[in-house]
Amino acid sequence: MTAVQKVAIVGSGVAGLAAAIQLAKAGVHVDLFEAKPELSTQGSGISLQGNALRVFGALGVWDDIRAAGYAFEGLNLRAPGPGAPIVAQLPDIKAGGPEYPSSMGMPRADLTRILLEHAERAGAKVHFGRKITGADLRADDAVELYVDDESVGEYDLLIGADGLNSAVRDLIGIETKPQPTGMGIWRTFVSRPAEVERTELYYGGPVYIAGYTPTGQDSMYAFLVEKAQDRFGTSDEDATRIMLEESRAYDGPWNSIRADLEAGANANYTWFTSHLVDGAWNRGRAIIIGDAAHSCPPTIAQGAAQGLEDAYVLTELLVARDELDQQLWDDFHARRVPRAKAVVEASVQLGQWQIDGNRDADAGGLIFGIAKKMAEPA
């Protein structure tokens, strides 16, 4: 017996799909609603730390993820300027345990495709092009869900895993929203030079951080982190030009990245944001998880991992218990809120040190401190 028998999930990102997989495998009826007409194939790459890989193992998707991504150990720091010399080679902590690599990169589209396939195979029903427009919280025993302004019935639980601009968060009356941190990031998806075997970061030069992460045998994503600017509405041609110009201070593999940009690789731009619902993430039988509940700059690459942990801990409790009561909510929040808060605060702090130009800050100590925390079970 599970604590719920019929669940609605909003959002087809990693957190929503992970929750769908676990619940459907336990025999729960799962309807997942996604406003977009199909699974997105856009975007660049994603960095996944060991604690994310540990969740993939628990979901039963690790073999497919491993085959589609690029696993690696360690982190290189390079200096800007001619030759881009490596100035430090940092080991990674195996936050997922000894059976998983410390890090992995992969294309975002491949990650969500694999999770979707597993969710549907487990029995979850996925509805694309369906936008949630209302949620009527019926005391403590049900939620009536409205999609495209029509009722689709009652559910034992509504899970809002619908990202930064969560509709579920608004519908259940949680007012905390993402706020800009002062940084913006250019991203591009390019070919991988043979010399790139792990994430490499350049500090200094015309932007705060330049870097790249391998995502496959022939691919990687590269990024430049700058002071947040109004880049929105920039044409594709101008976006590529800006990323090319801002990268010219960086040598080494950046020469290959620029060649791909000049050959037509797309550049896209977003701002970093942060927020944390510092308290209960549920209102009655509706709850938000992942980026709907917390967001942070990708300075320590924990955003997706935290959403995956949210989904795993929530579904673990729902499957193990016979009743969805206050004790279940208390146990969930005790396990998730402090951990997510530590990640958000560390990610923001690391970014702020870059903005302030604080050369005395112990960035390595902060990163390794969080990595040690993430090595503990969620």
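Predicted model: local features only at pLDDT ≥ 70, side-chain atom pairs only at ≥ 80, totals over all residues.

Trainee: How many aromatic pairs does a search of the whole structure find?

Mentor: The search finds 10 aromatic pairs. Rings of Phe, Tyr and Trp (its six-membered ring) pair if their centres lie within 6.5 Å; planes under 30 degrees apart count as stacked, over 60 as edge-to-face and the rest as tilted. One of the pairs is formed by tyrosine 202 and tyrosine 250, edge-to-face at 5.6 Å centre to centre with 75° between the planes.

Trainee: Where do tyrosine 202 and tyrosine 250 lie?

Mentor: Tyrosine 202 is in strand E14 (residues 199-203) and tyrosine 250 is in the loop between helix H6 (236-246) and helix H7 (254-262), so the pair ties together parts that are 48 residues apart in sequence. Helices (H or I, at least four residues) and strands (E, at least two) are DSSP runs, numbered from the N terminus.

Trainee: Is tyrosine 202 buried or exposed?

Mentor: Tyrosine 202 is buried, at 0% relative accessibility, and tyrosine 250 is buried at 1%. Buried means under 20% relative accessible area, exposed over 50%, and partly exposed in between (1.4 Å probe, protein chains only).

Trainee: And what about the rings of tyrosine 221 and phenylalanine 223?

Mentor: Their centres are 5.7 Å apart and their planes are at 40°, so the pair of tyrosine 221 and phenylalanine 223 is tilted. Tyrosine 221 is buried at 9% relative accessibility, as is phenylalanine 223 at 10%.

Trainee: Which residues do ring pairs link into a cluster?

Mentor: The cluster consists of Trp186, Phe232, Tyr269 and Trp271.

Trainee: What lies over the face of tyrosine 155?

Mentor: Lysine 6 does, at 4.8 Å from the ring centre. A charge sits over a ring if NZ of Lys or CZ of Arg is within 6 Å of the ring centre and within 35 degrees of the ring normal.

Trainee: Turning to valine 143, which residues is it in contact with?

Mentor: Leaving aside neighbours within four places in sequence, the contacts of valine 143 (heavy atoms within 4.5 Å) include Tyr155, Leu158 and Arg285. Valine 143 belongs to strand E10 (residues 142-147) and is buried at 1% relative accessibility. Its C-alpha atom is separated by 6.8 Å from that of leucine 158, which is 15 residues away along the chain.

Trainee: And serine 47, where is that found?

Mentor: Serine 47 is in strand E3 (residues 45-49), and it is buried at 16% relative accessibility. Beyond its neighbours within four places in sequence, serine 47 is in contact with Met104, Thr213, Tyr221 and Ala301.

Trainee: What is the phi of alanine 301?

Mentor: It is near 55°, a positive value in a residue other than glycine. Most residues other than glycine have a negative phi. Alanine 301 is in the loop between strand E20 (294-295) and helix H8 (303-320), and it is buried, with a relative accessible area of 17%.

Mentor: Aspartate 148 also has a positive phi, of about 55°, although it is not a glycine. Its place is in the loop between E10 and strand E11 (150-155), and at 37% relative accessibility aspartate 148 is partly exposed.

Trainee: Lastly, which residues lie nearest the centre of the second largest pocket?

Mentor: They are Tyr203, Gly204, Gln354, Asn358 and Arg359, among the 19 residues that line the second largest pocket. Elements giving two or more residues to this lining are strand E5 (75-78), E14, helix H9 (326-356) and helix H10 (363-375). H10 supplies the largest share, 3 residues.

Trainee: How is a pocket defined here?

Mentor: On a 1 Å grid over the protein atoms alone, a pocket is an open set of points where a 1.4 Å probe fits, with protein on both sides within 12 Å along at least five of seven lines; lining residues have an atom within 4 Å of a point.

Note on methods:
Residues numbered from 1 in each chain as written. Heavy atoms only, no water.
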